[in-house]
Structures are given as C-alpha cells and as structure tokens.
Amino acid sequence: MKYSALLRVWHWLNALAIFGLLGTFFLRKTFLSWRTNSELMVQKFAEYDIQITTEMAKTVAKAIRAPMWEWHIIFGYFFLSLIIFRIYIFIKEGVSYKDNSSLHKKAVGVLYSIFYLVVIFMGLSGVFLHLGADFGVSKDSLKEIKELHELSAWFFVVFVPLHIAGVVMAELSSEKGIVSRMISGK
Ligand code: HEM
Ligand code: HEM
C-alpha cells in the first residue's frame with residue numbers, strides 16, 4: 001500500500017491535532033481539574049488562617065484552567081480544517097483503506113471508517129459547543145451535546161494506543177516498513 005503525499009501530510013498533522021485535543025482533555029481532568037485545585041486552595045489558605053469559600057476557590061481554579069483550555073479550541077479549529085483537507089483527499093483519491101485481502105485488513109478498514117464518522121461528529125459537536133450559545137442553542141441541548149462530545153472523546157483514548165500498537169506490531173511482523181511508508185511514502 002502506497003500512501004500519497006497528501007494523505008501522509010494529513011496523517012501527521014491530524015495526529016498532532018488529536019494529541020493536542022486529548023492532551024487538553026487530560027489536563028482538564030488531572031493537574032488543572034477545578035475540583036482538585038479548589039479543594040487544595042481552601043486547604044492551603046486555611047493553613048494561613050485565611051478562610052476562602054469554595055465558591056471563590058472554584059472561580060480561581062477555573063480562571064487558572066482557562067488559558068490551557070483555549071488550546072482545546074485552537075486545536076479544535078485546526079482539527080476542523082483537517083477534516084476539510086481529508087474530505088478533499090477522499091474526493092481526489094478515493095478511500096485509501098479498501099484492502100480486503102484478509103479478515104484483519106477488513107477489520108482495520110472498518111475501524112478507520114468508524115474513526116472518520118466519530119471525527120465528523122467531534123468536529124460538528126465541538127463547533128456547536130463553542131458557538132451554539134451565540135446562535136441561540138438552548139442550555140439543555142448544549143449540555144446533552146457536551147455529554148456526547150465527552151463520551152465520544154473516549155473513542156480516541158482507545159483508538160490511539162490501539163492504532164500505535166497495531167502499526168508497531170505490523171512493522172515487527174508481516175509489514176516491515178509500514179511506518180516509514182507513512183513518513184516517506186516509500
Ligand atoms: C505517533 C504514532 C503514529 C504512528 C506511528 C502511526 C502510523 C500509521 C501508519 C503506519 C498508518 C498506515 C496503516 C494502515 O495502512 O493501516 C496509519 C494510518 C492511519 N493513522 Fe496513524 N499513526 C500514528 C498516530 C495516529 C494518530 C494519533 C491518529 C489519530 C487519532 C492516527 C490516525 C490514523 C488513520 C485514520 C489512519 C488511516 C488513514 C487512511 O488511510 O485514511 N494515527 N498510521
Ligand atoms: C477529536 C476531537 C476532540 C476531542 C477528543 C475532544 C474532547 C473533549 C472533551 C473530553 C470535552 C469535555 C471536557 C470536560 O467537560 O471534562 C470537550 C469539551 C469541549 N470541546 Fe472538545 N474535543 C474534540 C474536538 C473539539 C472541536 C473540534 C471543538 C471546537 C472547535 C471542541 C470544542 C469543545 C468545547 C467548546 C467544549 C466545552 C468546554 C466547556 O464546557 O467548557 N472540541 N472536548
């Protein structure tokens with residue numbers, strides 16, 4: 001299988017975008033979690049005999065998180081431009097993963113198809129979350145979209161390690177050079 005230059009460029013830019021989006025998700029849930037950090041602030045200020053309310057701590061913790069989360073939106077729009085780029089490649093070159101020579105190849109093809117469906121959903125739901133309120137989308141609908149957006153994010157959490165393990169195993173067994181082909185095309 002030969003990967004076109006366009007597909008290769010798209011692949012690595014897209015990997016960067018997804019690592020960025022998952023990275024901001026990870027930070028939001030861990031080091032920059034407002035729950036953890038607001039509890040920490042209440043505790044640490046109490047050691048100086050300063051009583052702050054959980055409400056105050058929550059506001060500060062969210063303010064600390066905000067500049068990091070801006071990167072979710074930046075990577076988000078980068079990711080959206082890559083969706084358009086990928087659609088252009090689909091139109092120009094057709095589907096790149098239609099090798100049906102074995103059950104395994106078919107399964108990989110199905111996984112990539114699911115990947116692209118989830119990608120489209122993430123792109124659309126992300127824009128809704130970012131701009132929906134400005135266009136009058138109700139708070140309840142936005143809440144539901146956010147839950148689905150967050151749930152679908154887990155697909156990538158599973159896909160990325162599975163995909164990397166898969167190509168490393170292919171590289172080490174029957175498809176030596178598969179990773180360098182995704183880099184150099186040869
Ligand atoms: C940094 C580690 C990565 C390596 C070494 C890698 C390597 C590869 C290789 C060798 C292929 C071709 C495999 C095949 O033909 O089935 C491929 C395809 C693909 N990779 Fe990755 N990849 C990486 C990260 C990612 C990430 C983070 C994503 C997105 C979450 C991703 C998404 C895809 C997709 C969707 C395809 C199929 C492209 C198509 O034909 O439409 N990859 N990757
Ligand atoms: C693969 C792509 C994406 C992944 C894995 C992802 C992941 C996530 C996750 C997990 C959340 C929930 C965070 C939480 O409440 O704990 C979230 C929220 C959000 N995402 Fe994404 N996202 C992706 C794409 C996008 C795109 C394309 C945009 C828009 C350009 C976007 C904009 C947003 C916004 C505005 C929120 C709501 C944040 C808030 O309520 O403060 N996302 N995303």
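The crossing of α1 and α5 is left-handed; the term applies if the near helix is turned anticlockwise from the far one by less than a right angle, with clockwise giving right-handed. Helices here are DSSP runs (H or I, at least four residues), numbered from the N terminus. α1 and α5 pack at an angle of about 115 degrees, and their axes are 11 Å apart. Axes are lines fitted to C-alpha atoms, for helices over the stretch in contact, and angles run from 0 to 180 degrees between N-to-C directions. From α1, the contact uses I18, L22 and F25; from α5, it uses A153, F156, V157 and V160. Contact means C-beta atoms, placed from the backbone, within 7 Å. By class, the contact of α1 with α5 holds 7 nonpolar, no polar and no charged residues. Ala, Val, Leu, Ile, Met, Phe, Trp, Tyr, Cys and Pro count as nonpolar; Asp, Glu, Lys and Arg count as charged; the others, Gly among them, are polar.

This is a predicted model, in which local features need pLDDT of at least 70, side-chain atom pairs count only at pLDDT 80 or more, and totals for chains, interfaces and linings use all residues. Residues are numbered from 1 along each chain as its sequence is written, while chains are lettered from A and ligands numbered from 1 in the order in which they are written.

Now the core. The largest nonpolar core consists of A17, L21, F75, F79 and L82, 5 residues. Such a core is a set of buried Ala, Val, Leu, Ile, Met, Phe, Trp, Tyr and Cys residues joined through C-beta atoms within 7 Å. α1 and α3 each give two or more residues to this core. The largest share, 3 residues, comes from α3. Beyond its neighbours within four places in sequence, L82 is in contact with W10, L13, N14 and A17.

Next, the ligands. Around ligand 1 are 20 residues, of which A15, I18, S96, V167 and M182 come nearest. A residue is near if its C-beta atom, placed from the backbone, lies within 6 Å of the molecule. α5 gives the most to this shell, with 6 residues. The shell around ligand 1 has 16 nonpolar, 4 polar and no charged residues.

Ligand 2 has 22 residues around it, and G76, M122, G126, L129 and A153 come nearest. Two or more residues of its shell come from each of α1, α3, α4 and α5. The shell around ligand 2 has 13 nonpolar, 6 polar and 3 charged residues.

Definitions and conventions: Buried ≥ 20, exposed ≤ 12 C-beta atoms within 10 Å, placed from the backbone. Contact = placed C-beta atoms within 7 Å.
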